[in-house]
Amino acid sequence: MARLIELNEKIVAQNDEIIRLLLKLSGEDKQKENGNPSIDKANIGFDVDVDESGEVVVRPNSSGEKTAKKAEKKDKSLFDLNITTKSGESLDDMELDAGEVLFIGNCDDGSADIFKMSVKNSDELKVFPPEIEAEIRSNLSDYNCEIVIDNLTGDGITHQYGVPLILANESLIQNSVIGSGTVILDDESFDNLSDIIQLAMENGAKEVHLSLKNAMAVINAPPKLLEYLEFYRNYEQIFDNVM
């Protein structure tokens, strides 16, 4: 558990510089008396704001028509469905249990696949697939749970599961279920981000959560696409949005 907390603290530290750059890009030039940045919105595809708690919020550009409500946008899809899951199920049709998270990661063979992370209570640490057991044990030797990473679209192994593991653990602790169609990306800069987003959307994802460090990669993306992206600074922000 301590290692999971350390990982989240590392995520926060790494994203602080990204936040600074995004605020600068959006026109940050002075501080209000309450300490929050004063931001002039730039026509860059998304807006960067700071809420009352000091958290940075990235959303589609607010110029023109208002963004559709979250509940409404989930009934729409940017891409034609091209289901590649082994079960033939759309991600939006998969019902998750507490301790389960859907995510996408790059595999050792170079492919990107959709995975399901499952964390269950156990009297000892158990890991599947065995190829990542040593890796997880080296980081979570004092963590007594059963961890299963199931590749839903292929046979490859991914190592981009840090944030999904934190979310699955939190979901289990709070006995709260993350909604279907929600995809989480690990806290990394993805060179093939467009391919990953397309894979998610074609398989029925309704929203993709990704680190702020990937915001620069989609800075000029169509506003419609940005409606499906949720940027996070730490795992608490993701959990607040999906529950």
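Which side chain meets that of D155 in a salt bridge? In this predicted model, the partner of D155 is K86, with a distance of 3.6 Å from N to O. The two residues belong to distant parts of the chain, 69 residues apart: D155 is placed in the loop between β8 and α4, and K86 in the loop between α2 and β5. Both D155 and K86 are exposed.

The salt bridge of D155 and K86 is one of five found in a search of the whole structure. Another joins K213 to D187, whose closest N and O atoms are 3.5 Å apart. Because K213 lies in the loop between β10 and α6 and D187 in the loop between β9 and α5, this pair ties together parts that are 26 residues apart in sequence. Both K213 and D187 are buried. A further salt bridge, between R137 and E133, has its closest N and O atoms 2.9 Å apart. Both residues lie in helix α3, four residues apart, about one turn of the helix. R137 is partly exposed, at 36% relative accessible area, and E133 is also partly exposed, at 26%.

Negative charge also gathers on the surface, in a patch formed by E89, D93, E95 and D97. Of these, D93 lies in the loop between α2 and β5; its relative accessibility is 53%, so D93 counts as exposed.

One aromatic pair was found in the whole structure. The ring centres of F103 and F115 are 5.3 Å apart and the planes are at 20°, so the pair is stacked. F103 belongs to strand β5 and F115 to strand β6, so the pair ties together parts twelve residues apart in sequence. Both F103 and F115 are buried.

Notes:
Residues are numbered from 1 along each chain as its sequence is written. This is a predicted model: local features need pLDDT of at least 70, side-chain atom pairs count only at pLDDT 80 or more; totals for chains, interfaces and linings use all residues. Side-chain values use heavy atoms; hydrogens and water are left out. Rings of Phe, Tyr and Trp (its six-membered ring) pair if their centres lie within 6.5 Å; planes under 30 degrees apart count as stacked, over 60 as edge-to-face and the rest as tilted. Buried means under 20% relative accessible area, exposed over 50%, partly exposed in between (1.4 Å probe, protein chains only). Patches are made of residues with over 30% relative accessible area and no salt bridge: like charges are joined within 9 Å, nonpolar side chains (Val, Leu, Ile, Met, Phe, Trp, Tyr) within 5 Å. Accessible areas come from the Shrake-Rupley method with a 1.4 Å probe; for residues, only the protein chains shown count as cover. A salt bridge is a side-chain nitrogen of Lys or Arg within 4 Å of a carboxyl oxygen of Asp or Glu. Lys and Arg count as positive and Asp and Glu as negative; His and the chain ends are not counted. The place of a charge is taken as NZ of Lys, CZ of Arg, CG of Asp or CD of Glu.
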